[in-house]
Amino acid sequence: MPSITQSAAPCHVPADAAEEVLLGVDTHKDVHAAAVITLLGATLDSRSFQTTAEGYRQLVAWARSFGTLRRAGVECTGSYGAALARHLHAEGIEVTEVNQPDKAARRRHGKTDAIDAEAAARAVLSGRATSMAKASDGPVEMLRLFKLAKGSAIKSRTQAINQLKSVLVSADSGLRESLAGLTNPHLFKRCAQLETRGAGPVLAARHTLRLLARRIQHLTEEIDDLNQQIAAAVDASTPGLLDVRGVGPDSAAALLISAGDNPERLTSEASFAALCGTSPVEASSGKTQRRRLNRGGDRQANAALYRIVLSRLRWDDRSRDYLQRRLAEGKTRREIIRCLKRYVAREIYRLIVTTGVPADHTGPAGAVA
């Protein structure tokens with residue numbers, strides 16, 4: 001176990017116990033480095049704690065010994081700092097997500113865990129870090145885990161299917177001809193029932209085909225189960241979201257994961273659109289006044305909005321009418337899809353924030369309702 005560096009100086013409670021302090025944490029796998037500063041920017045102390053339940057309790061008790069603790073800046077709240085962020089939330093402390101320190105400042109002052117923890121606290125104090133951390137303690141966190149498992153299962157099944165068909169290409173002609181012309185489900189079923197007879201490469205081919213087919217069937221059952229779990233988690237998080245035209249379980253999950261279990265941290269529909277990479281970005285210069293596509297944001301959420309728009313352009317009359325009208329105005333199809341994604345983001349945001357209340361279809365969003 002790595003050694004834990006403790007401050008040699010004893011911890012003293014300030015005379016004014018009601019003085020508010022800020023906590024900054026630089027997170028790692030085994031040890032978190034923490035620093036406490038005052039609202040005037042004075043550094044009080046820094047210390048390291050283990051990434052255990054007892055370590056989290058010690059960290060909070062230590063920080064509160066300097067004064068009133070209401071806010072904390074934590075790095076990597078989606079990975080190494082996720083468990084700590086949940087513990088701080090449970091303690092009633094507002095957690096702010098902090099990005100890596102400015103590289104120019106790091107070059108000037110050097111880098112240690114204590115310096116990074118202090119920089120996290122100062123980022124909150126200065127207002128440079130303002131994003132509230134995701135809660136990760138509800139149905140959306142369940143969705144994230146289910147999506148993670150489903151993604152790996154789909155990847156493994158695709159690999160197994162490719163391997164099975166590769167084995168068939170070079171298999172014995174009699175075996176290959178007996179399996180020719182079958183659809184994938186029937187092919188996998190037949191291969192799973194193959195008897196391991198023969199000798200040499202023939203026996204190896206039949207045995208390999210049976211193993212791969214049974215693996216594909218098992219992964220398919222796993223994916224079907226995860227699909228049911230994802231749909232149930234979406235309904236638990238945002239009832240009615242799956243009733244929106246063009247929104248399926250995977251698209252809904254991607255959008256909810258982007259918003260998090262505490263969507264109130266998104267101050268407006270514009271912030272959700274920027275989070276999904278659908279907000280227009282100014283690209284004007286000189287006499288040219290234009291906007292371009294946003295290449296930032298959560299690309300999984302952006303891809304989900306794109307799938308929803310393509311579905312509506314195929315099946316929804318109002319979306320097709322909107323496309324034709326904007327084409328007549330001189331807009332390109334790419335620009336129109338960007339606009340439609342922005343309208344869909346508005347509709348989804350209203351459902352996510354006001355759970356169970358149908359989206360308002362008045363205004364531009366009505367074109368794609």
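Biologist: What makes up the secondary structure of the chain?

Modeller: It comes to 13 helices and seven strands. Both are DSSP runs, numbered from the N terminus: helices are H or I with at least four residues, strands are E with at least two.

Biologist: Why is the span of H5 called close to the expected one?

Modeller: Helix H5 covers residues 139-169, which is 31 residues. The expected span is 1.5 Å times one less than the number of residues. For H5 that gives 45 Å, and the helix reaches 45 Å from its first C-alpha to its last.

Biologist: Which residues of H5 are buried, and what covers them?

Modeller: Among them are Val140, Leu143, Phe146, Lys150 and Leu164. The cover includes helices H6 (173-178), H7 (184-192), H8 (201-237) and H9 (249-259).

Biologist: Why is Lys150 called buried?

Modeller: Buried means under 20% relative accessible area, exposed means over 50%, and partly exposed lies in between (1.4 Å probe, protein chains only). Lys150 has 8%, so it counts as buried.

Biologist: How do you know that Asp250 and Lys150 meet in a salt bridge?

Modeller: A salt bridge needs a side-chain nitrogen of Lys or Arg within 4 Å of a carboxyl oxygen of Asp or Glu. Here the N to O value is 2.8 Å, so the pair qualifies. Asp250 lies in helix H9 and Lys150 in helix H5, so the pair ties together parts 100 residues apart in sequence. Asp250 has a relative accessible area of 28%, so it is partly exposed.

Biologist: How many salt bridges does the structure hold?

Modeller: It holds 18. One of them joins Glu91 and Arg64, with the closest N and O atoms 3.1 Å apart. Glu91 lies in the loop between helix H2 (82-90) and strand E5 (94-98), and Arg64 lies in helix H1 (residues 53-64), so the pair ties together parts 27 residues apart in sequence. Glu91 is at 34% relative accessibility and counts as partly exposed. Arg64, at 35%, is also partly exposed.

Biologist: What makes Arg245 and Asp316 a link between distant parts of the chain?

Modeller: Their side chains meet in a salt bridge at 2.5 Å, N to O. Arg245 is in the loop between H8 and H9, Asp316 is in the loop between H11 (299-315) and H12 (317-328), and they are 71 residues apart. Asp316 is buried at 2%, whereas Arg245 is partly exposed at 45%.

Biologist: Where does the pLDDT stay under 50?

Modeller: pLDDT is the predictor's confidence in each residue, from 0 to 100. The chain averages 86, and 90% of the residues score at least 70. Residues 13-17 stay under 50, with six contacts (heavy atoms within 4.5 Å) beyond four places in sequence. Residues 356-369 are also below 50, with 33 contacts beyond near neighbours in sequence. Where pLDDT is low, the predicted coordinates should not be read in detail.

Definitions and conventions:
Residues are numbered from 1 along each chain as its sequence is written. This is a predicted model: local features need pLDDT of at least 70, side-chain atom pairs count only at pLDDT 80 or more; totals for chains, interfaces and linings use all residues. Side-chain values use heavy atoms; hydrogens and water are left out.
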